[in-house]
Amino acid sequence: NNSSQLSSLLLQMLFYVNGVYYIFYFLATLTMIVYKSQVFSYPDDFLAPDLLVLFIMAILEVPRLYLGSKGNLTEEEAPLGLSLVLTLGSVVLAVYFLVWQTYVLRADIILNALLLSTYGLESGLKVMAIAAFVS
Amino acid sequence: VTRLCVCDLLVAQCDINCCCDPDCSADEFSLFTTCSVPIVTGDSRLCSQKAAVYSLDVEANPPEMIFKLIDQVNPSVFCIHATNYKQALSFISPEMPTSENFDRLLKQFGSAAFSAELDSWDMNTDAQNPPDANETYRYEYGVPIQTVDAFLRLPSPVLSSWCSDANPAGFLVNQVTKCTRSVSVENCGDIQALSMLFYINSSILAVSVNITVQSIAVQSPNGTRTLLNGDDVLRLPEIVEELCINIVLGVSYHITYTDAGEIIEAAAAFVLGVINKEALSIQQSFEISFAQANTELVPLSGNPGYVIGLPIRAGYRPQGYPFPVDRSSNKLSQLTLLQSTSSQECLAVQGARTPILFGYNMVSGCTLRITAAMKCKPLAQTLLDLLKGQSFPEYVASFGNSHAQDVLDWVPITHLYLSEQGIYNTFQSSCQIPVSLEIEVKWTKYGSLVNPQARIVNVTATITTTTLKQLPSGRERTIPVMSSVVFTDVSSPAVPGYKAWPTINLKLPFDFFFPFV
């Protein structure tokens, strides 16, 4: 069976896990920003960029996962490649939350590290899938 | 962290039980019992930080101080790992003004204040708020009163006693200033600040109110002032026979405003004087006062609590009227005290009285010479009049702004009569003359803890009498007569007040049972 099916099962599972985890990540980060704004001094011109980046990341995530999943299932390289590019964008935003946020808590580090490792694993699997589809 | 020591208060001396004090030596450490500051850390919300731990090892002989520098780890998940916001964890020092950023800082933090640069104010106000004749300009307390060219000026001394003309008058800020100005007879016409024109030529903004001349008084060289009646003619300085007349010695502005904050009237009363050749400087005095239009001028002594230094408002209840009459604006029936004068003879000083100001304890007195010829009853009456004054009021306002119509706001004055000799002498029907009046005003703090208002709760006037023994004829005796007023604070401690619980007010509508009711 494996020879006729090029789609990667692992990648598909990873997309599903990523989707669920991302929902949790989004809610947790939003709640923590609210917590930080109450407990610490968080002026508006530092709060606005953080919230903006979080929402951009959420908006990027949906097409990223959709395109990746579609590309993997239909065994086409184009959507998968596009998804890879979007993943790079999401990686940069996750690094923002890891390093350049106004207040980086230990919980932030844990969440973002998990997210980055998921992205890394996904990117690797996507590259392998693209290689499999092209050839 | 190693250098921070909260208990190190004495410089170059060892503080007791302060383990982090660098001035302490080993023998002093051996005298400590415990460490008052066991640990010094930074912000405890950080994930990992350095901490200096001080402890005393009591088992060693002699006890020694142990210092350890450890890394303290915050186990919570929500500890701060890093911040990209500098002011988050510490106070930053404010910017030091230098010649480059001074203008920017002044624009950011400066406000309408005494400024020698009248031109800059002009440009600012013209650019932002072009004076619009149709628009009424409302003033707030303290805002400089604008005129057509700049501000209404009240010359006042700055640093030294010389007059400076750039002091703006603030709205509703009653000011009295005195300053010195250098003059000379030759160019007395050239100095602008000596002529009346300087003070009335600008019209106050807010629908261009012109400053009218209310009255002119002329002060002669020996100090007597005469009021010129009739004309409001502008009198300018002129040189007459080596004297310069019509120079301004004092200006008193009266501004009338409405309750919306607009100025509707402005009047100035002048005192003009004369200088001669030898005069090098004169003293000018300026005053500005504000009055609200269409209100009676009853000077309040506080709003609502009494202000220290303002006179106590008192009144009496006329026959047939239920309300006390507030006569404190009429000086004759204020609560007053005998005033000590240079001649200490009581009967010579008739009518010299000083008003009682809230918060100021006063003592005054005089000596009474009693001759044999004096009769008891008239003497007692005269002394009573002397101590109490012509019209001693019956009621005192408990708040500085009590209205005459609120009967409950007025405190009756209680009178007590004491005899100096004690009670056992009251059976003797001898002559008793009052020798001392002591007014005790009990006041309390009323209202909120952060802004307590003074409220008078009790006024007691105690008259002490003494027996007047009959003197053999020809002899004289002097007795001291004293009056005093004492203010006592009888405030009870503050009690916390909480808002009432909200109540649920459920009621059925009027026509709920419509068809049946």
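**Notebook: disulfides and salt bridges**

I looked up the torsion about the S-S bond of C47(B) and C79(B): it is about 85°, so this disulfide (a pair of cysteine sulfur atoms within 2.5 Å) is right-handed. C47(B) sits in the loop between strand 1 (39-41) and strand 2 (48-57) of chain B, and C79(B) in the loop between strand 3 (64-73) and strand 4 (80-83), so the bond ties together parts 32 residues apart in sequence. The two sulfur atoms are 1.9 Å apart. I checked both cysteines for cover: C47(B) and C79(B) are buried. Buried means under 20% relative accessible area, exposed over 50%, and partly exposed in between (1.4 Å probe, protein chains only).

A note on the source: this is a predicted model, in which local features need pLDDT of at least 70 and side-chain atom pairs count only at pLDDT 80 or more, while totals for chains, interfaces and linings use all residues. Residues are numbered from 1 along each chain as its sequence is written, chains are lettered from A and ligands numbered from 1 in the order written, and side-chain values use heavy atoms, with hydrogens and water left out.

**Chain B overall**

I counted elements next. Chain B has five helices and 23 strands; helices (H or I, at least four residues) and strands (E, at least two) are DSSP runs, numbered from the N terminus. Of its 517 residues, 36% are buried. I then looked at contacts (heavy atoms within 4.5 Å). Among those in chain B with a separation of 6 or more, 63% are between residues 24 or more positions apart. The accessible surface of chain B is about 32100 Å², and 56% of that belongs to carbon and sulfur atoms. These areas come from the Shrake-Rupley method with a 1.4 Å probe; for residues, only the protein chains shown count as cover.

**More disulfides**

How many disulfides are there over all chains? I find six. One of them joins C5(B) to C20(B), with sulfur atoms 1.9 Å apart. Its torsion is 80° about the S-S bond, and the link is right-handed. Both cysteines lie in the segment before helix 1 (26-29) of chain B, so the pair ties together parts 15 residues apart in sequence. C5(B) and C20(B) are buried.

I also looked up C163(B) and C179(B), whose disulfide is 1.9 Å from S to S. The torsion there is about 90°, so this link is right-handed. C163(B) is in strand 6 (residues 163-164) and C179(B) in strand 7 (residues 175-182), 16 residues apart. Both are buried.

**Salt bridges**

I turned to salt bridges (a side-chain nitrogen of Lys or Arg within 4 Å of a carboxyl oxygen of Asp or Glu). D108(A) and K36(A) form one at 3.0 Å, N to O. D108(A) lies in helix 4 (residues 106-134) of chain A and K36(A) in helix 1 (residues 9-39), so the pair ties together parts 72 residues apart in sequence. D108(A) and K36(A) are buried.

E122(A) meets R64(A) at 2.6 Å, N to O. E122(A) is in helix 4 of chain A and R64(A) in helix 2 (residues 44-74), so parts 58 residues apart in sequence are tied together. Buried or exposed? E122(A) is buried at 0% relative accessibility, and R64(A) is buried at 0%.

In chain B, K50(B) pairs with D71(B) at 3.2 Å, N to O. K50(B) is in strand 2 and D71(B) in strand 3, 21 residues apart. K50(B) is partly exposed at 45% relative accessibility. Last entry: salt bridges that share partners join E61(A), R64(A), E122(A) and K126(A) into one network.
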